[in-house]
Amino acid sequence: MLSLGPLVRADPLPDAGPVTQTTELSEAPEQDEQPEQPARPARRALLRLPHRAWAVAAITFVTIIGAAGFASLPGLLIDPLHEEFGWSRGTIGFAVSVNLALYGLTAPFAAALMDRFGIRKVVAAALVVIAAGGGLTVFMSEPWQLILCWGVLVGLGSGSMALAFAATVTNRWFVARRGLVTGILTAGGASGQLIFLPLLSWIVEGHQWRPAAITVSVAALAIVPLVWLLLRDHPSDVGLAAYGADGPPAPRPAPRRGAARRAVKALVSASRTGSFWLLAGAFAICGASTNGLVKTHFVPAAHDHGMPVTAAASLLAVIGVFDIVGTVASGWFTDRFDARRLLAVYYALRGLSLMFLPILLDDAVHPPMLFFIVFYGLDWVATVPPTMALCREQYGEDSAIVFGWVLASHQVGAGVVAFVGGAARDAFGSYDLVWYGAGALCAIAALMSLVIQRVPGTKTAAASA
């Protein structure tokens with residue numbers, strides 16, 4: 001059992017040596033008496049407690065689940081908002097694109113702010129902001145209000161809890177098992193999708209969209225006390241070394257001032273390397289083919305073919321089930337295999353599956369569609385652990401901030417396709433061209449991943465395993 005937690009030892013008994021009692025051979029014990037057996041030496045009992053890092057990872061996981069409710073809702077609101085207000089799908093998609101873009105652009109600054117003010121303060125404030133933005137949407141009547149509340153407020157707040165949050169926790173609290181922990185934390189978004197999508201689709205279908213917006217706002221607020229009371233910024237705060245670290249606990253680093261300057265400086269430094277642009281470009285395609293396209297437009301696209309909203313939302317939730325499996329497995333693979341080759345395989349398989357989607361959409365769920373859901377779900381966020389690993393390999397202690405910028409490209413790509421997908425549906429009456437285009441882009445991302453250069457002196461995961 002792996003653990004670096006404190007060992008609690010039971011004190012040995014005062015007289016722990018063997019104790020014997022002899023009797024004369026001529027005297028047999030009475031029938032109802034049992035001869036005393038030699039007492040065994042007392043053994044020292046060891047109680048191994050899990051390292052505190054796993055508790056911090058669990059709290060982070062729950063927090064990401066709560067934030068995932070906001071990411072699950074936009075795809076369910078496109079048709080209700082179109083019917084109630086008469087807004088075009090392109091207009092609604094633009095609000096979603098602002099949300100996705102700010103989600104990504106905020107991430108590198110949030111990682112730097114966590115170094116300055118601490119994880120707890122930044123995440124708690126972000127939860128309050130996204131709860132306020134989501135709750136205020138129930139009073140809107142104009143498109144600009146949707147853009148302000150859902151696009152700006154929710155985008156900024158959720159960006160502060162983006163995958164840079166998971167990267168910061170992983171880098172501070174873990175030395176060993178980083179790939180596995182990254183996979184688990186990344187799967188938190190899929191777990192939230194699994195929890196919220198069926199619930200929110202049922203609310204939207206039976207009670208309109210406003211109660212659904214209130215539901216996710218309340219869920220975000222409910223997590224604030226958990227974060228404030230239980231999350232810790234550094235292992236040294238509780239007198240521990242990071243999980244898997246050798247030696248005594250490292251002292252808590254001094255707060256780093258100039259969060260914005262540090263974030264920009266990390267971007268400028270990373271942008272001078274070709275690996276950054278390859279990672280950012282491939283991850284932009286990743287966002288375009290997941291959050292921007294499938295998460296935003298799958299439900300309305302399936303509804304165009306006559307599939308009920310609840311059935312389409314349930315399929316997205318099932319994607320979340322297999323996303324958890326695929327992402328955790330990807331973290332395990334990342335600890336053992338070359339991250340570049342993993343990314344190439346993931347992108348190639350995703351592009352292939354998207355090419356088949358237009359012919360699978362129907363008014364009911366058939367076995368080929370279920371196969372797509374399973375196959376695509378295993379690949380949904382599997383790209384995150386190897387991308388984080390490559391950022392750590394290439395950029396060292398600034399890797400969380402650099403990954404924040406790479407994530408920004410992911411969300412910009414998602415935002416562009418969220419808008420383009422809605423505009424294409426308005427113009428052509430179908431999403432087919434968007435599915436095919438996304439499949440072709442994934443093939444390009446696979447090639448980009450293969451040509452990322454290794455840092456001299458580093459070993460592949462397979463070689464170091």
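A cavity is a set of grid points where a 1.4 Å probe fits but cannot get out. The views below are drawn from a predicted model.

**View 1. The second largest cavity and its lining.** This cavity has a volume of about 60 Å³, and the structure contains three cavities of 30 Å³ or more. Its lining consists of Pro74, Leu77, Ile78, Leu81, Ile92, Ala95, Val96, Leu146 and Trp150. Nine of these lining residues are nonpolar, with no polar and no charged residue among them. Helices α2 (74-85), α3 (89-117) and α5 (143-159) each contribute at least two residues to the lining; α2 gives the most, with four.

**View 2. An aromatic pair between helices α10 and α16.** The structure holds 11 aromatic pairs. In one of them, the ring centres of phenylalanine 283 and phenylalanine 403 lie 5.9 Å apart with their planes at 55°, so the pair is classed as tilted. Because phenylalanine 283 belongs to helix α10 (residues 274-289) and phenylalanine 403 to helix α16 (residues 399-428), the contact ties together parts that are 120 residues apart in sequence. Phenylalanine 283 is buried, at a relative accessible area of 1%, and phenylalanine 403 is likewise buried, at 1%.

**View 3. An aromatic cluster.** Trp332, Phe333 and Phe337 form one aromatic cluster.

**View 4. Helix α13 and its N-terminal cap.** Helix α13 comprises 22 residues (339-360). From first C-alpha to last it reaches 31 Å, close to the 32 Å expected at 1.5 Å a residue. Aspartate 338 caps the N-terminal end of α13, with a side-chain oxygen 3.0 Å from the backbone nitrogen of arginine 340.

Notes:
Residues numbered from 1 in each chain as written. Predicted model: local features only at pLDDT ≥ 70, side-chain atom pairs only at ≥ 80, totals over all residues. Heavy atoms only, no water. Expected span 1.5 Å × (residues − 1). Polar contact = N/O pair within 3.5 Å; in protein donor to acceptor, adjacent residues only side chain to side chain. 1 Å grid on protein atoms, 1.4 Å probe; cavity = no way out; pocket = protein on both sides within 12 Å on 5 of 7 lines; lining within 4 Å. Points joined across faces, edges and corners; volume = space filled by probe spheres on them. Nonpolar A, V, L, I, M, F, W, Y, C, P; charged D, E, K, R; others polar. Phe/Tyr/Trp six-rings, centres within 6.5 Å; stacked < 30°, edge-to-face > 60°. Buried < 20%, exposed > 50% of the residue type's maximum accessible area, 1.4 Å probe, protein only.
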